[in-house]
Amino acid sequence: MEKRGRGGKSSPSPAPQLQPTPPQPRKERRPSMFEREAYAQILRERLRESVHDVQYIEPPFADSVADLGKEWRGALAKFKLASSYRMQPLKKFQAHSVETKVQQILKESLKDVKYDDKVFSHLSLELADHILSAVKEFGYHRYKFIIKVLFIQKTGQAITIASRWIWDVAWDSWVAVKHETETYVALALVFALYCE
């Protein structure tokens, strides 16, 4: 092949000469994650562009690489619950028995109590805990309970209380108990939710 210059004349081209390429340095072998010293280095490489900074990594293995899987499995599986496939409770929530127990607790606890907002803020928590422990004594397994205790001062006003829940109509239930005096109304709500 000929090369032509500006004048259009062809100039003889010299024969191509091959020059030896300088030897390129060998890439270092990437360390295996099963080597003790390389574990932290591999994590640093993987997290290089991350905001995390790896200070020190405790390798998850002892002397043997074969024990690696055992230790990781033990760390992941904290506890196991056996599947019972029970879709209904052993003992269904009985609202009437809970209602009488909660009514008894309210009568005993609020016998000679006058309305005081500072006292009632602590009293509502104590009553909720007392009602919860009394309801748990009935032995309803796999039920979760939500207890609300409200104190309303009587000053000629009206009040509306509403609650919404998504629940199973067959097994879930609720109880509302009212205790009324001259100066206040105490309302205790107990919601029983069955967890399959």
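I started with what covers the buried residues of α4: the cover includes α3 (95-109), β3 (143-153) and β5 (184-194). This is a predicted model, where local features need pLDDT of at least 70, side-chain atom pairs count only at pLDDT 80 or more, and totals for chains, interfaces and linings use all residues. Residues are numbered from 1 along each chain as its sequence is written, and side-chain values use heavy atoms, with hydrogens and water left out.

Notes on terms: helices (H or I, at least four residues) and strands (E, at least two) are DSSP runs numbered from the N terminus. Buried is under 20% relative accessible area, exposed over 50%, partly exposed in between (1.4 Å probe, protein chains only).

Next I listed the buried residues of α4, and they are Phe120, Leu123, Ser124, Leu127, Ala128, Ile131, Ala134 and Val135. An α-helix has 3.6 residues a turn, so residues three or four places apart point the same way.

Then I went to β5, where 11 of 11 residues are buried. Tyr184, Ala186, Ala188, Val190, Ala192 and Tyr194 point one way, Val185, Leu187, Leu189, Phe191 and Leu193 the other.

I checked its pairing too (at least two DSSP bridges between strands). β3 and β5 run antiparallel with 11 bridges, and Ile146 has Phe191 as its bridge partner. β4 is also antiparallel to β5, over eight bridges, with Lys178 opposite Leu187. A three-residue hairpin links β4 to β5.

Last, I looked at Ser173 in β4 (residues 173-180). Its contacts (heavy atoms within 4.5 Å) include Val190, Phe191 and Ala192, leaving out residues up to four places away in sequence. Ser173 is buried at 19% relative accessible area.
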